[in-house]
Amino acid sequence: MVLIAAAWCRSGEYDEYYSIFLIAGQPRPDWPTGPFTVAVAQKFYHGHASFGQIARDLRHGDVHPPLYFWLLALWRDTFGTALFRLRLLSVLCTMCSLYLVACIARRIGAAPALAVTITLLSYGFAYTGIIARDFALAGAFSLAGVLLLIEAERISKPAWAFAGGIALGAACFTNYLACFTTIAFLGWIATVGWRRKSVWLSSWFGAALFIPAGLWFFLAQKGTRKGQFMPFHLPHALVLLARDQAGAILGALPRYVPSPWSHIVEAALALLLAYFVILIVIRGLPCITDRYRTLVIAGIIAPPLGLFALGIGFDTTPVEMRYLWLGLPYIGLALATALKDRRRTTAFLLAVQSAAIIGLAIAPQTMQPGARTAHAAAKLGTPATLVLIPFGNDGVGIPGPFIAALPHTTHIMVVRAMNQAVLGDTSSYRRVVIARIEVDNTSRALVPALDTLFKTAPCWQSGSARRDIAVFTNLCRNRHG
């Protein structure tokens with residue numbers, strides 16, 4: 001219920017509309033160059049792409065393997081195109097992941113209920129577990145692979161190891177970042193069962209089945225997102241990692257309170273995180289048997305080390321909270337072991353995490369501004385009002401969720417560049433509303449330029465300004481009807 005409630009309440013994310021447009025056969029929508037109504041744009045959201053078209057579009061313009069998107073297309077055809085319904089696929093995968101966490105906890109001697117609860121309430125796990133992206137499916141495959149490897153190692157069954165390798169390979173074919181944990185887990189089974197070569201080699205062969213297809217996609221995609229992140233700088237990357245790892249476990253509580261209280265909350269959460277790290281090191285890991293201790297450690301450290309390796313190899317800093325999601329179940333397992341018989345500390349941790357999850361569902365501070373800005377613009381919507389939305393870097397992340405949140409009768413225009421032609425396109429409208437969504441380099445340059453254009457243009461008078469929209473009235477249109 002926690003996941004379903006969060007999936008229902010949370011507004012649309014930029015990345016989710018990459019998923020929606022891709023499976024609709026419109027990976028980069030060709031928005032009309034002039035004014036149009038939201039009803040006209042519905043074709044970009046509700047089309048149907050074949051598996052082949054999805055594969056081609058991914059290879060030519062994205063950085064993801066296709067498995068999740070193929071499954072999402074089937075899910076959409078069965079259950080509908082609404083964002084909440086698409087999110088339910090991720091919710092289902094996350095519920096499977098929680099069941100797998102409980103099974104792994106029983107095998108390694110951790111408290112299943114506590115491990116599941118800590119994992120579920122980890123902000124990064126819940127966030128990636130409800131959005132219409134590939135994280136939840138990759139996590140479920142990865143945990144299924146680990147459970148199968150544990151069983152294969154315990155009863156010396158090559159067939160189980162082979163199935164575990166297939167599951168880990170499927171995780172990589174769902175999200176490339178799963179390669180880091182997959183390598184770690186395949187290394188683990190080879191280390192603990194070195195003498196039983198048939199077992200660990202079977203797991204390696206299972207995972208290797210996905211290498212040719214994965215390379216076919218990756219090699220075609222590797223140059224498509226240059227400049228997405230800053231160049232790699234180790235001190236900066238370490239700061240980002242500490243911040244995002246803390247946020248992935250304890251949430252975005254500092255965002256819920258105003259400054260200077262937010263800094264106090266940040267300091268308190270940093271101390272709390274340090275305390276839990278110490279607990280894991282001195283109480284959690286030592287209580288796990290040697291063979292499974294290395295497995296848990298591998299699961300915890302593989303995601304950040306993998307991101308650093310990726311950063312060094314490609315001179316980029318791909319450190320974000322959501323990219324650490326695969327390590328959170330293993331942190332949950334270690335914490336569940338460390339907090340055994342510490343009821344007050346456990347209750348405090350779960351209270352902090354619960355507050356963060358409530359914020360995930362309802363706090364606007366944790367949500368992207370597209371839907372919120374659209375609702376503000378819609379309140380001013382009339383047939384004589386035109387809403388201007390910046391195109392952004394790629395015409396997906398900004399227009400996608402914004403247009404989806406508007407009434408179908410709203411008149412809009414997606415602005416690609418600031419020039420005098422914009423004034424000509426808007427001259428027949430009595431009022432213009434500029435959506436102040438500045439989330440990438442293109443929109444940060446365009447929105448202020450549009451604001452200046454209308455402030456200095458003849459006939460246009462600036463109205464009441466808000467943080468999320470700017471309103472201008474066409475005095476000439478009003479004067480001449």
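**Entry 1: a charge over a ring**

I began with Arg59, whose charged end sits over the ring of Trp216, 3.8 Å from the ring centre. I used this rule: NZ of Lys or CZ of Arg must be within 6 Å of the ring centre and within 35 degrees of the ring normal.

I noted that this is a predicted model, where local features need pLDDT of at least 70 and side-chain atom pairs count only at pLDDT 80 or more, while totals for chains, interfaces and linings use all residues. Residues are numbered from 1 along each chain as its sequence is written, and side-chain values use heavy atoms, with hydrogens and water left out.

**Entry 2: aromatic pairs**

Next I looked up rings of Phe, Tyr and Trp (its six-membered ring), which pair if their centres lie within 6.5 Å; planes under 30 degrees apart are stacked, over 60 edge-to-face, and the rest tilted. By this rule I have 23 aromatic pairs. One of them is Tyr17 with Phe21, a tilted pair at 6.2 Å centre to centre with 55° between the planes.

My helices (H or I, at least four residues) are DSSP runs, numbered from the N terminus.

Tyr17 is buried at 6%, and Phe21 is buried at 0%. I also wrote down that Tyr17 and Phe21 belong to one aromatic cluster with Trp31, Phe36, Phe44 and Tyr45.

**Entry 3: a nonpolar patch**

Which helix gives the most to the nonpolar patch? Helix α12 (residues 197–208) does, with three residues. Trp204 is found in helix α12, and I have it as partly exposed, with a relative accessible area of 39%.

**Entry 4: salt bridges**

Side chains of opposite charge can pair when their charged atoms come close. I counted a salt bridge when a side-chain nitrogen of Lys or Arg is within 4 Å of a carboxyl oxygen of Asp or Glu. How many salt bridges does the structure hold? I get 13.

Asp15 bridges to Arg322, with the closest N and O atoms 2.2 Å apart. Asp15 lies in helix α2 and Arg322 in the loop between α16 (290–314) and α17 (328–338), so this pair ties together parts 307 residues apart in sequence. Both Asp15 and Arg322 are buried.

Glu153 and Arg291 meet at 2.4 Å, N to O, in another salt bridge. This pair links distant parts of the chain, with Glu153 in helix α9 (residues 135–155) and Arg291 in helix α16, 138 residues apart. Glu153 is buried at 4%, whereas Arg291 is partly exposed at 35%.

Asp290 and Arg293 form a salt bridge too, at 2.8 Å from N to O. Both lie in helix α16, three residues apart, about one turn of the helix. Asp290 is exposed at 54%, while Arg293 is partly exposed at 23%.

Technical notes. Buried means under 20% relative accessible area, exposed over 50%, partly exposed in between (1.4 Å probe, protein chains only). Helices (H or I, at least four residues) and strands (E, at least two) are DSSP runs, numbered from the N terminus.
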